[in-house]
Amino acid sequence: MNNKEKRQLNGIKMLTLISLRKRLYYNAKIIFIVSILLSAIMISIGAIQLYIEKNSQRMQSTHPQGALFVASKGKENKIEDIIAELKRQGIKDLHMNKWKGLKISSESGKKQFLVIQNDPSFIKDEDSLKNNNYIFNNKKTDDITNEILKLKSEKGERDLKVKNMNGKKVLNPIDGIEGIISVPKNTFSEIYKTTISEKRLSLYKLDFKEDAKIYNILKKLSDTTLFKSDNLHSIRLLDYENTVQLSSILRLTGLFICLVLFLALASLLWFKLYEDMNDDKKVFHSLRKVGLTAKEIKRTLYIQISVIFFVPLSLGGLNLFIATNALQNILEGITIYSIIVIFLIFGVSQFIIYLISSYFYSKKVL
């Protein structure tokens, strides 16, 4: 820019370029330090957010439902009392879906399978499986011979032709259940009629907004007599209690440390501006005597200050996206969306501090 004379001879651009050169020359060290620290802050909070997202994905892959309750047919009263209590406690966006199931043994009697009717209202993304007998949660089983699974009950035996097997989780883990068999409606009705009532189950699938408040409510209810019964239940937040607590601690700790360091950086930049204040006063007062208006001087001053604030932010953002790209090669399934949000939050915060600092600094200098 210095070598382009036409640009310098236009208006006050020469003054602006000379001022920028001076700022960069004398503040190179502070810009470098702030860039490194700002990079460290953004990368740290970004890594914490990516870790939390990865844990959330893992929780949802192993526990597709927010909560799953299983009770023998005719013993659903306690579960319905639990659901009523959850609604009374104020859990938001609570959606319940009740479904029938059968707990049937294999021919050897060593394994228990849960037979359910396949339906997209209960199992998501299962439209293509409506005509298949499908085993979930179990990629291999010794009870399948020539794609036939032999099931037995007190009222007879039945052979199911296994069309497919998959390790995908479609229901939260249930104690004592080896696998989940999804069958068409007609097949389920036939098996249901020939199964004794003790093996008939009612399944309650609950989905709700998961947050710290909901976790505390569920934690308190888990210690009450409502939950301490023979009914089986699997609640995502409670099954991953240690993960949820660790994620909350990491988020709070990371935010606190980043806030403190960010305020420290803002103070560091302000003190650097304050250090140059007397020199700037002399320069700008001299320029006003030779004919520059207050508006022109203020614009030049704002451009100078923006260098100190936004060059470190740009370098820090570049380091953040490079580090995120490296993390994506290690952690699969994460998105760049959260990193963009983090950078925008820091950018907006830096811009607000810049406006405040520029306003008060210009008042002092002019």
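Is T187 buried or exposed? Select T187 and look. This is a predicted model. At 15% relative accessibility, T187 counts as buried, because the cut-off for buried is under 20%.

**Stop 1: around T187**

Keep T187 selected. The residue belongs to helix α5, which runs over residues 185-193.

**Stop 2: the salt bridges**

How many salt bridges does a search of the whole structure find? The search finds 3. Opposite charges are the theme here: side chains of opposite charge can pair when their charged atoms come close. Visit each pair in turn.

Begin with R88 and E85. Their closest N and O atoms are 2.7 Å apart. Both residues sit in helix α4, residues 77-89. They are 3 residues apart, about one turn of the helix. Show the surface next. R88 is exposed, with a relative accessible area of 60%. E85, in contrast, is buried, at 17%.

Move to R236 and E210. Their side chains form a salt bridge, 3.0 Å from N to O. R236 lies in helix α7 (residues 236-239), while E210 is in the loop between β10 (200-207) and α6 (212-222), so the pair ties together parts that are 26 residues apart in sequence. R236 counts as buried, at 7% relative accessibility. E210 counts as partly exposed, at 29%.

Now pick E241 and K219. Here the side chains meet in a salt bridge of 2.8 Å, N to O. This pair also links distant parts of the chain: E241 is in helix α8 (residues 241-275) and K219 in helix α6, 22 residues apart. E241 counts as buried, with 19% relative accessibility. K219 counts as partly exposed, with 30%.

**Stop 3: helix α6**

Stay with α6, and colour its buried residues. Which ones are they? Select I214, Y215, I217, L218, L221 and S222. Look down the axis of the helix. These residues cover an arc of only 165 degrees around the axis, so they fall on the same side of α6.

Then zoom in on the start of α6. Select D211 and K213. A side-chain oxygen of D211 comes to within 3.2 Å of the backbone nitrogen of K213.

**Stop 4: two helices crossing**

Finish with α3 and α11. Select residues 28-62 for α3 and residues 337-365 for α11. The two helices pack at an angle of about 145 degrees. Their axes are 10 Å apart. Is the crossing left-handed or right-handed? The crossing of α3 and α11 is right-handed.

Show the side chains where the helices meet. From α3, display L38, I41, M42, I45, G46, Q49, L50 and E53. From α11, display S338, I339, I342, F343, F346 and Q350. These two sets meet each other between the helices.

Technical notes:
Residues numbered from 1 in each chain as written. Predicted model: local features only at pLDDT ≥ 70, side-chain atom pairs only at ≥ 80, totals over all residues. Heavy atoms only, no water. Helix = DSSP H or I, 4+ residues; strand = E, 2+ residues; numbered from the N terminus. Buried < 20%, exposed > 50% of the residue type's maximum accessible area, 1.4 Å probe, protein only. Salt bridge = Lys/Arg side-chain N within 4 Å of Asp/Glu carboxyl O. Arc of directions from axis to C-beta. Polar contact = N/O pair within 3.5 Å; in protein donor to acceptor, adjacent residues only side chain to side chain. Axes fitted to C-alpha atoms, helices over the stretch in contact; angles between N-to-C directions. Left-handed = near helix turned anticlockwise from the far one by under 90°. Contact = heavy atoms within 4.5 Å.
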